[in-house]
Amino acid sequence: MTVSRRLAKPFLRALGVLLGAETVTFAAYHLLPGDPAEVSLGVPNPSAELVATTRHEMGLDRPLAVQYVVFLGRLLRGDLGTSYQLHEPVTRVLREQVWATVTLAVAALAIAFAVSVPLAVATAGRRPAMRGLSSGGELLLTSSPSFWIGILLLSLFSFRLGWFPVISGTSVRGLVLPAVTLAVSIIGVLTQVLRDGLERALDEPFTVSARARGTGETMVRLRHGLRHALIPLLTVSGWILGALLGGTVVVETVFSRQGLGRIAATAITSRDLPTVTGVVLVSALVFCVLNLVIDVLYRVVDPRLRTATA
Amino acid sequence: MPDSATGPRRPPAPAPGPPGRPLLDVRDLRVTFPAHRSRVRPVRGVDLTLAAGECLAIVGESGSGKSVTVRSLLGLAGPRARVEAERMDLDGEDLLSMSARRLRQVRGGSIGLVLQDALVSLDPLRPVRAEIAEALRNHRVVAGRDVPGRVVDLLDQAGVPEPEVRARQYPHELSGGLRQRALIAAAMAAEPPILVADEPTTALDVTTQARLLASLAGRKSAGTALLLVSHDLAVVAGIADRVAVMYQGLIVEQGPAADLLSTPAHPYTRLLLAAVPSAANRGLPLAPPTTAAATPQPTGGCVFAPRCPQVTDRCLEQRPTAVPVGPGRSARCWYAEPARPTAPAAPARSLPVQARPVQATAPILTASGLTKSFPGPDGSARRAVDDVSFELRPAEILGVVGESGSGKTTVANLILALLAPDSGTVLLDGEAWSRRPEPQRRPLRRRIQLVPQDPLGSFDPRYTVARIVGEAVPERGDQRRRRVAALLDRVGLAAGLLDRRPAQLSGGERQRVAVARALAPEPAVLVCDEPVSALDVSVQAQILDLFDGLRRDLGTAMLFVSHDLGVVQHLSDRVMVMRAGRVVEAGDADEVFEHPGHPYTQDLLAALPRLRPGRVDLAKDGGARRDTTGYARTTGEPLP
């Protein structure tokens, strides 16, 4: 199989996912009660005439099939339309918001990794007391709601100690608390997955071979165990990162941050179709790209997958 | 015995100590694992010595404690293991009181360990050179920049062709034999004076096994002390100087290989020797009838008493100590006496070879011109099976032999109609079988049943034995349960196993359950795909006896696929030797094995491990070949 054909398949699949996501958004929007034209006008009790004119301008009086085709045609040209609510092009709205979300998601994942990896390596299959403590703590963190952790952190570090700003804004200092809040909820899952993978790898005969060669315990874990544990870890972190990039409404709200999550939440309640469409498109795109990247990373980590699909 | 300084490539071999002192000296080694409310004692008092240039083989069935014994030498018996010994000295240095740091130097530096099945014993995510380089760096054998070159040298010395290419490859890209060699290269990288090999050839074909054993013998003659662990006496016969037979954590017999194999003193050694299948003992049972499952003896008596054919009251009450039974020999038995083995006990059940199918009966199964191709990695078609034809008559066992990749399993799948042939046909009872739509074939499927190699993988782990076998039984309710119990009885299992789950069964019990399930719909043909290759010799013997009994009592015909020539020769009436998808030789089993026509068959036979060590013949008869054991695998000589 040629390289172009091998690349074509995932590309087409991603296209299918995007089309599917947008179609569902379009359908949901039109199935919900309420009139977008009234929302778009933004005035209380508009006259029936005005509403009718607006409906005509927005193309809402045309048959649904025609609206769908027009909708897809615009998407293909990269024209996401103008937000009904903010009266700004959606592409600009997204561009302004996406950066805040990406920073937050990546920072949160990085913090989670920095804690999870040493924790799992230290406790996998040894130190029963510490392992039990860590595993109990992970369960507690995973099951605590992030808004609550967020509020705890805020009241301690912002209100009482004053180390970090109450309203995050876009500063680096403002990033710390929201990122930690998100990381706390991820750490539990990541550590569990990683420790489980490590323990399975350390049970395999090749680790006995490695030890029989005089390799020390830490090197056995880092060199042999960790790489095997990376495969399930990749799967989980891909999903987590995707979910984070799709917007983290709760944390953005608690810390009054900008971001895709808040935009999406307001857009949905105010029936702002262009904005919702844009957010869905970005989220779906993020998931497709992450999937591709993770597929590639699987092959980097595990040579057996390279030959299997070659 | 060649001395340790012969190898010109071996720089300062860690001093083998003053002459007479063994490299390894172990007295009363005991290993215990904490278990639920009690302790498991896999090793209960083992004495071992090993000198440079010597090969000691530890032989025993799985669970005998042989792997735990050798792993505890490197402190690798497991984190929960408690290892105690009166003495455990490596070249005069106590292994038990070593610091963790010193122990890491010993691992790989003084003792190299090679595990079974290199596919899982080499890290699948790293190229083989990384594994060898790891050993070189751990022990600082050469300067960092010389590591890649040394890796290639080591692979070359281990007999790996094209070492530069192989070094860059991953374990899954190498054949089983090459993987095992790479593992040996890694274990020998720091040139340890002792090499421990735990079942190094168990996963390999006969020819590959023979080459690997030869390469280990080369290490031995270069001065390396070899500690070989195996469940198969035949494998170690050609290479071991001394043999220690282990049973339930004790060495029950120990002595020079030639003496021990020709005149075993312990009943268990005799049982192991008798269990080796060959043409000579065809039609005869390989294992004594099992009376009780081998349960550990919690109190006093001899560990082997529950399975011993010569058991007396004394054996049940007092544990025998190791008594000398000849020069350098000892055995743990009250009645130990070196004796030539006789035919196994209970011949009453056996009818000798006559039970051959009558050639005049019509064949049940006729395969003609079967061909099957699969797409290769580059997209081109690769012929897995090429123009294979045969017939199978009632009560006949047709053996299919060949190395892995020769197309044996594809033939089995074509016969089972799990694959459709590209061309050629299979007829069942004279009617179309392969070329008919599946809905028409389904009611006939009960006529052909499969006994798989790995029964564990073919069982739902959540099902009980009653449900696993019951699925294949047409009856319902109580009747079903009675029928299942009857089937279990037929395969020699107690009804008490009905409510067990697969994980709670031993390997032999699982295989018996698989046979019971295959028998449930009363098939005319059993397709057995490597049914005994995952089993110990002694368990294998029982399963082979079972197959022979089924054929005799029920008249079931069998297509018996195996890479083990001894097994095929023991059981089959006719054989088909396959290579690269083609049948290179076929015919009557005796005829093919005694007068192999094709060079490939001759090679396979030559590679077969023999129970008679060659040196026995030389020592006793000045070179004249003599049958010393009567258990030679390769020729059809009758028992003495």
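How many salt bridges does the rule find across the interface of chain A and chain B? Three are found there, and since this is a predicted model, the tour that follows describes computed features.

**First stop: the interface**

Begin by selecting chain A and chain B together, and look at the place where 22 residues of chain A are in contact with 27 residues of chain B. The area buried between the two chains is about 2,100 Å², and carbon and sulfur atoms give 57% of that area. Polar contacts can be displayed next, for 16 residue pairs across the interface of chain A and chain B are in polar contact, with both residues at pLDDT 80 or more.

Helix 9 of chain A supplies the largest share, seven residues. If you colour this side of chain A by residue type, you will find eight nonpolar, seven polar and seven charged residues.

**Second stop: a salt bridge within chain B**

Over all chains the structure holds 42 salt bridges, and one to select is the pair Asp25(B) and Arg87(B), with 2.6 Å between the closest N and O atoms. This pair links distant parts of the chain, as Asp25(B) belongs to strand 1 (residues 24–35) of chain B and Arg87(B) to strand 5 (residues 87–90) of chain B, 62 residues apart.

Move on to the open sheet of six strands in chain B, where the strands follow the order 19-20-21-16-22-23 and the pairing is mixed. At its edges, each pairing on one side only, are strand 19 (448–451) and strand 23 (582–588) of chain B, and from one strand to the next the twist averages 15°.

Select strand 22 (residues 574–579) of chain B, which runs antiparallel to strand 23 of chain B and is joined to that strand by six bridges; there, Met578(B) has Val583(B) in strand 23 as its bridge partner.

Helix 18 (residues 507–519) of chain B touches strand 19 and strand 20 (525–529) of chain B, and its direction makes about 175° with that of strand 19. Helix 22 (residues 599–607) of chain B touches strand 22 and strand 23 of chain B, with its direction at about 100° to that of strand 22.

Technical notes: Residues are numbered from 1 along each chain as its sequence is written. Chains are lettered from A and ligands numbered from 1 in the order in which they are written. This is a predicted model: local features need pLDDT of at least 70, side-chain atom pairs count only at pLDDT 80 or more; totals for chains, interfaces and linings use all residues. Side-chain values use heavy atoms; hydrogens and water are left out. Two strands pair if DSSP finds at least two bridges between them. Helices (H or I, at least four residues) and strands (E, at least two) are DSSP runs, numbered from the N terminus. Axes are lines fitted to C-alpha atoms, for helices over the stretch in contact, and angles run from 0 to 180 degrees between N-to-C directions. Contact means heavy atoms within 4.5 Å. Buried area is the accessible area (1.4 Å probe) that two parts lose on being put together, summed over both. A salt bridge is a side-chain nitrogen of Lys or Arg within 4 Å of a carboxyl oxygen of Asp or Glu. A polar contact is a pair of N or O atoms within 3.5 Å; within protein, one must be able to donate a hydrogen and the other to accept it, and residues adjacent in sequence count only if both atoms are side-chain atoms. Ala, Val, Leu, Ile, Met, Phe, Trp, Tyr, Cys and Pro count as nonpolar, Asp, Glu, Lys and Arg as charged, and the others, Gly among them, as polar.
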